[in-house]
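Subject: Structure for your files

Hello,

Here is the structure I said I would pass on. My notes on it follow below.

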Amino acid sequence: QVNVLTQHNDNFRTGTNSNETVLTPSNVNVNSFGKLFARAVDGQIYSQPLYVSNLTFSGKGTHNVVFVGTEHNSVYAFDADDPNESAPIWKVNLGPPMLSSDLGSYYDINPEIGILSTPVIDLNSQTIYVLNATKINGAYFHKLHALDLLTGQEKFGGPVTIKGSVAS
C-alpha cells in the first residue's frame, strides 16, 4: 500500500500514484467501486486526508490510518479499514478557530477557519505537521504544530507561531 504523506501524493503535487496495481478502468465502476464507510468529525474538511499504512499504537495494535484535519481545528487519526471502528484512534484540538464572519463578507469557508491547508507527514520522525488559524483573546494567530503520529501530542516544543515582518 502506498502512503499519502502530502497533498496530491508527492512533493511535486502530481496526484499520481505510479505504484498502483489494483485499480483499472474495468474494476473502477458503479458496481464495484465506491464509498465503503464514513466517519463523523467536528467541522468541515478542506484539507486532503492523508494515509499511512502499518502504524503500531501502544496498546491498540497495528493499523492503516487516515489523518483528517477540520476547520474546527481538530486532527483525527482513524482506522482506515474497519467500518466498525468509528471512534478515532486519537483526536486533538489545536485551539479555537477563527470565525469566517471576522473577515467581513467572506463566504467561501463558513462558519469557521481552522485547518485549511493539507498537513504533511514525515515518517522518519513519525510527525504530522499541521498549520492552523486560531483566535485567542481577540487576537488572530497562525500556528505550526508538530504532532506525534501515534499520540497526537505536540513535539519539538511546539506549536510555533508564524509571524511576518518587514524591514524598516
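What pattern does the protein follow when read along the sequence? The order is β-β-β-β-β-β-β-β-β-β. Please keep in mind that this is a predicted model. The count is 10 strands and zero helices.

Overall dimensions: along the principal axes, the C-alpha atoms fill a box of roughly 60 × 40 × 35 Å. The protein has 168 residues, and 33% of them count as buried.

The largest pocket holds about 980 Å³ of space. Its lining is made up of 33 residues, and those closest to the pocket centre are L36, Y51, V66, A80 and D81. Three strands, β1 (50-57), β2 (61-69) and β3 (74-79), each contribute at least two residues to this lining. By residue class, the lining of the largest pocket has 17 nonpolar, 10 polar and six charged residues.

Then the surface. V22, L23, V28 and F33 make a nonpolar patch of about 350 Å². One of these residues, L23, sits in the segment before β1.

Regards

How values were computed: Residues numbered from 1 in each chain as written. Predicted model: local features only at pLDDT ≥ 70, side-chain atom pairs only at ≥ 80, totals over all residues. Heavy atoms only, no water. 1 Å grid on protein atoms, 1.4 Å probe; cavity = no way out; pocket = protein on both sides within 12 Å on 5 of 7 lines; lining within 4 Å. Points joined across faces, edges and corners; volume = space filled by probe spheres on them. Helix = DSSP H or I, 4+ residues; strand = E, 2+ residues; numbered from the N terminus. Nonpolar A, V, L, I, M, F, W, Y, C, P; charged D, E, K, R; others polar. Patch = residues over 30% accessible without salt bridge, like charges linked within 9 Å, V, L, I, M, F, W, Y side chains within 5 Å. Areas by Shrake-Rupley, 256 points an atom, 1.4 Å probe, with all protein chains shown as cover. Salt bridge = Lys/Arg side-chain N within 4 Å of Asp/Glu carboxyl O. Buried < 20%, exposed > 50% of the residue type's maximum accessible area, 1.4 Å probe, protein only.
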